Amino acid sequence: MTTSEQLYERARRLMPWGTQTNAKRPDERLAGLMPFFIERADGCRIQDVEGRWYLDYRAALGPIILGYRHPAVEAAVRAQMDKGILFSMASPLEVEVAEVLTSLVPGLEQVRFMKTGNDANSAAVRLARAFTGRDHLVTCSYHGYSDWFACGEGDGPTWYTREGNGVPIALDALVTRIDYGDTAAAEALFARRGHEIAAMLMVPADWCGVADASFVHRMRALTSAHGVLLIFDEILTGFRLALGGGREYFGVTPDLSTYAKALANGYPLSAFGGRRDVMQKLYDVLITTSYAGETLSLAAAKATLEILRDEPVIEHIWSMGARLQQGFDAAAQRLGLAARATGLPPAVQFHFSDDAEINEAAHHVFFRELYRRGIFAARPFLLSYAHQQADIDETIGAMEEALAIVGEEIGALQTGH
Ligand SMILES: Cc1ncc(COP(=O)(O)O)c(C=O)c1O
């Protein structure tokens with residue numbers, strides 16, 4: 001048994017899942033190949049408990065935009081640690097981070113800080129309901145684990161069970177889920193119930209895989225026409241799709257938006273904000289938590305945002321992602337496989353087959369072979385400022401070998417079949 005497997009045994013004895021985060025649950029089919037526990041990380045590489053290093057494209061599920069342990073972020077955190085982590089009143093850093101954040105995101109007039117993406121989305125929904133005096137909520141994608149995002153009419157994410165999930169059935173009547181890009185469903189819902197809807201909470205791009213500008217613009221028009229607040233969940237798109245996230249990328253200003261992940265390069269901080277008149281309602285709505293002003297994360301956010309503002313981080317992740325996509329496509333072509341890279345360069349996806357079962361099987365073999373070759377990845381591949389051309393080229397080499405094995409094991413992928 002490897003150290004990783006031994007740890008997993010101990011973990012499962014003490015903790016359901018053996019971990020805290022759904023996307024960090026080990027894939028037992030990949031035992032011995034997929035590292036179940038990570039000991040340390042640096043730049044774009046992570047080291048498992050066996051001491052093996054991997055080139056990482058998981059970015060700790062999105063937060064690592066500058067690379068692990070970016071020196072300027074680490075220095076800012078260390079300097080703040082000498083002053084203290086949490087005080088009995090606010091720290092000046094709250095003001096300083098709010099100033100940088102509002103200067104970078106178009107139309108973001110006021111903000112408040114929280115800890116997780118789920119917190120920020122839950123707070124934005126409470127605020128929108130208070131501001132509009134309406135109860136109904138429209139959601140679009142995964143927004144966190146809280147009750148409002150784990151119920152409703154319409155299908156949720158496939159890995160999210162509704163039945164017996166602990167959320168009162170009565171809440172289903174207050175939430176409708178719309179699939180990203182399903183303009184017809186949204187139009188029908190707004191025509192029927194527009195006057196009851198407080199807010200539509202949506203991702204501007206679907207896990208960065210699909211960016212449907214006409215859907216985003218239409219949702220802005222529909223929500224405005226019905227007095228509904230539009231909230232962008234920018235937890236993953238913020239500072240990755242563009243410096244100003246979906247707001248900047250699509251040129252659409254929602255009433256509120258939420259941030260986490262890349263905001264502080266891995267330190268736990270989230271934010272929600274938007275229109276000043278809406279945010280002023282927070283004087284009547286109690287959104288409060290002891291740790292939201294924790295200063296190490298605020299110091300990390302300030303340093304991260306300044307680097308995002310002053311250095312070509314966004315251009316870099318787009319160009320590295322595009323190089324990865326081109327490399328994958330060229331390798332697939334050389335091998336005669338009908339596979340292609342999809343998604344947007346900052347969050348690359350791959351498509352092997354229109355047949356869902358074959359597509360899944362191919363992904364499994366592909367990732368298995370990448371782990372074997374020291375590449376740690378899942379869907380989507382997330383790029384960071386630390387990935388250099390040589391890292392991408394190393395990955396493309398491993399991808400070509402992995403693809404060859406995918407082709408051997410899954411014959412239906414050969415072109416001409
Ligand atoms: C789009 C989106 N919204 C919200 C969340 C929830 O954020 P957190 O896990 O920090 O609560 C996630 C997390 O993956 C996300 O991707």
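All views show a predicted model.

**View 1. Packing of helix α10 against helix α12.** The axes of α10 (residues 313–334) and α12 (residues 389–409) come within 9 Å and cross at roughly 25 degrees. Because angles under 35 degrees count as roughly parallel, α10 is described as roughly parallel to α12. Their crossing is right-handed. On α10, the contact is made by M320, R323, L324, G327, F328, A331 and A332; on α12, it is made by Q389, I392, T395, I396, M399, E400 and L403. Nine of the contact residues are nonpolar, three are polar and two are charged.

**View 2. Contact between domain 1 and domain 2.** The domain assignment places residues 3–68 and 312–413 in domain 1, and residues 71–310 in domain 2. The domain centres, taken over C-alpha atoms, are separated by 27 Å. Domain 1 contributes 15 residues to the contact and domain 2 contributes 19.

**View 3. The side of domain 1 that touches domain 2.** Here α10, β11 (340–344) and β12 (347–351) each supply at least two residues. The largest share, three residues, comes from β11. This side of domain 1 consists of 11 nonpolar and four polar residues, with no charged residues.

Terms used:
Residues are numbered from 1 along each chain as its sequence is written. This is a predicted model: local features need pLDDT of at least 70, side-chain atom pairs count only at pLDDT 80 or more; totals for chains, interfaces and linings use all residues. Axes are lines fitted to C-alpha atoms, for helices over the stretch in contact, and angles run from 0 to 180 degrees between N-to-C directions. Helices (H or I, at least four residues) and strands (E, at least two) are DSSP runs, numbered from the N terminus. Angles under 35 degrees count as roughly parallel, over 145 as roughly antiparallel, 65 to 115 as roughly perpendicular and the rest as oblique. A crossing is left-handed if the near helix is turned anticlockwise from the far one by less than a right angle, and right-handed if clockwise. Two residues are in contact if their C-beta atoms, placed from the backbone, lie within 7 Å. Ala, Val, Leu, Ile, Met, Phe, Trp, Tyr, Cys and Pro count as nonpolar, Asp, Glu, Lys and Arg as charged, and the others, Gly among them, as polar. Domain bounds come from an automatic or database domain assignment.
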